[in-house]
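Please study the sequence and the structure shown here before reading the notes that follow.

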Amino acid sequence: MNDLAGKVAVVTGGGRGIGAATAQKLAGLGAAVAVVDLAETVVAKEISKSGGRAIAVSCDVTDPDAVDSMVDTVADEFGSVDILVNNAGIIRDDLLFKMSVENWDAVISTHLRGGFLCAKAAQRYMVEQKWGRIVNLSSTSALGSRGQANYSAAKAGIQGFTKTLAVELGRYGITANAVAPGFIETEMTRSVAERTGIDFDVMKAAAEKEIAVRRVGRPEDVANVIAFLAGEESSYVTGQIIYVSGSAD
Ligand code: NDP
C-alpha cells in the first residue's frame, strides 16, 4: 500500500481520536508527521519511540498567525509540507431554539475557518512543489442531524470547500478530498453520551443496530481511508466525499 517515505504530513487535532490514529498510520507508512493540537500531546513522542519521525506543534487552527507559523515550522523542520489532514474539530450540540450564538460561532469557526486557514497556509508549499494532498474531515451529520445545526452546517460546508479546492488546485498536482465518518468511538462520541446521560455502551448498541456492518467505527477505519487519499495511488481522485460509516449512507 501507499509508500509515504519522504512525504511530510500535518495532522490537525492529532492529539487523540481519529487525528491520533491518522498520525500513527501516516508515520507507519513512512511520512514525517506534525501532530498539531491545542496543547502538546504524547502522540508525536509515541511515533518517535516506535521508530517514526514526528514533532508536536501546539496551534489553535482558528488563529491565522498561529497557523502560518505552524506550517512554516513544519516546513523548516522537515523540508516541505506535502499532506494536510484538516481533522481538528469540536461539537457544541443543542436544539436550534436553545443553541447560543457562541456555540454556533465556535463550531463553524473551528471546522470552516480552521480548515480554510490551514489549507491556505499549506498550499503555499504544495503549489511551489507541484504536489499536495488535502484531506478534510466531514461527517454523516452533513446530511442533517438533530441537535447539530452548527456542526452539520460546518460539515456540509466542508464538502463544498473540498470540491472548490479540488477545482482550484488540481492543476498544481494537488488533490483535495473529504472523508465523512459515521459513528466512530472517540472522546467526541463519549462526550455526547456523557452530556445526554446515556451509558456509552447502550448508545453504541443502539447505533450498531442501524449500521449495515453491525459495529461502530474505530479511528483506524477512518485513518486507513485518509492514508489512501494522502498517497500517490489516489492521484486521480479529487473533490470526492468518501463516507466511512459502515453503511450505504
Ligand atoms: P476528538 O474530540 O476526539 O479530537 C479532536 C481533536 O481536535 C482534539 O485533540 C482537540 O483538542 C482538537 N481541537 C479542537 N479544537 C481545536 C483547535 N481550534 N485547534 C487545534 N486543535 C483543536 O474528535 P474525533 O477524533 O472524534 O474527531 C476528529 C474529526 O472527525 C473532527 O473533525 C470530527 O468532527 C470528525 N468526525 C468525528 C466523528 C466521530 O464519530 N468521532 C464522526 C464524523 C466526523 P483538545 O483535546 O485540546 O480539545
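**Strands, ligand shell and selected residues**

Five bridges join strand β1 to strand β2 (residues 32-37), and the two run parallel; helices and strands here are DSSP runs (H or I over at least four residues for helices, E over at least two for strands), numbered from the N terminus. Two strands are said to pair if DSSP finds at least two bridges between them. This is a predicted model, in which local features need pLDDT of at least 70 and side-chain atom pairs count only at pLDDT 80 or more, while totals for chains, interfaces and linings use all residues. Residues are numbered from 1 along each chain as its sequence is written, and side-chain values use heavy atoms, with hydrogens and water left out.

- Five of the five residues of β1 (residues 8-12) are buried, so the strand is largely enclosed by the rest of the structure; buried means under 20% relative accessible area, exposed means over 50%, and partly exposed lies in between (1.4 Å probe, protein chains only).
- Both faces of β1 are covered, with Val8, Val10 and Thr12 buried on one side and Ala9 and Val11 buried on the other.
- Thr12 has Val36 as its bridge partner in β2.
- A right-handed β-α-β unit is made by β1, helix α1 (residues 17-28) and β2; right-handed means that, with the strands pointing away from the viewer, the path from the first strand over the helix to the second runs clockwise.
- β1 is also joined to strand β4 (residues 83-86), by three bridges, and these two strands run parallel.
- Opposite Val10 stands Leu84 of β4.

- β4 pairs with β5 in the parallel sense over four bridges, and Val85 stands opposite Val135.
- Together, β4, α4 and β5 form a right-handed β-α-β unit.
- Six bridges connect β5 with strand β6 (residues 174-181), again in the parallel sense, and Asn177 in β6 stands opposite Val135.
- From β5 the chain crosses through α5 to β6, and this β-α-β crossover is right-handed.

**The ligand and its surroundings**

- Which residues come nearest to the ligand? Of the 28 residues around it, these are Arg16, Asp37, Asn87, Tyr151 and Thr186; a residue is near a molecule if one of its heavy atoms lies within 4 Å of it.
- Helices α1, α4 (101-129), α5 and α6 (187-196) each supply at least two residues of the shell around the ligand.
- The most is given by α6, with three residues.
- A polar side-chain atom of Thr186 lies 2.5 Å from an oxygen atom of the ligand.
- A polar backbone atom of Ile184 is 2.9 Å from an oxygen atom of the ligand.
- A nitrogen atom of the ligand lies 3.5 Å from a backbone N or O atom of Cys59.
- Taken alone the ligand exposes 900 Å², and the protein buries 90% of that; accessible areas come from the Shrake-Rupley method with a 1.4 Å probe.

- Ser141 is found in the loop between β5 (132-137) and α5 (149-169), and at 10% relative accessibility it counts as buried.
- Apart from neighbours within four places in sequence, Ser141 is in contact (heavy atoms within 4.5 Å) with Gln148, Tyr151 and Ser152.
- Ala66 lies in helix α3 (residues 64-78) and is partly exposed, with a relative accessible area of 22%.
- Not counting residues up to four places away in sequence, Ala66 touches Cys59 and Asp60.
- Ala66 and Ala212 are 146 residues apart in sequence and 42 Å apart in space, C-alpha to C-alpha.

**Positive phi angles**

- Most residues other than glycine have a negative phi.
- Lys130 has a positive phi, near 55°; this residue is in the loop between α4 and β5 and counts as exposed at 52% relative accessibility.
- Arg214 has a positive phi near 60°; its place is in the loop between α7 (200-210) and α8 (219-230), and at 52% relative accessibility Arg214 counts as exposed.

Key
Polar contact = N/O pair within 3.5 Å; in protein donor to acceptor, adjacent residues only side chain to side chain.
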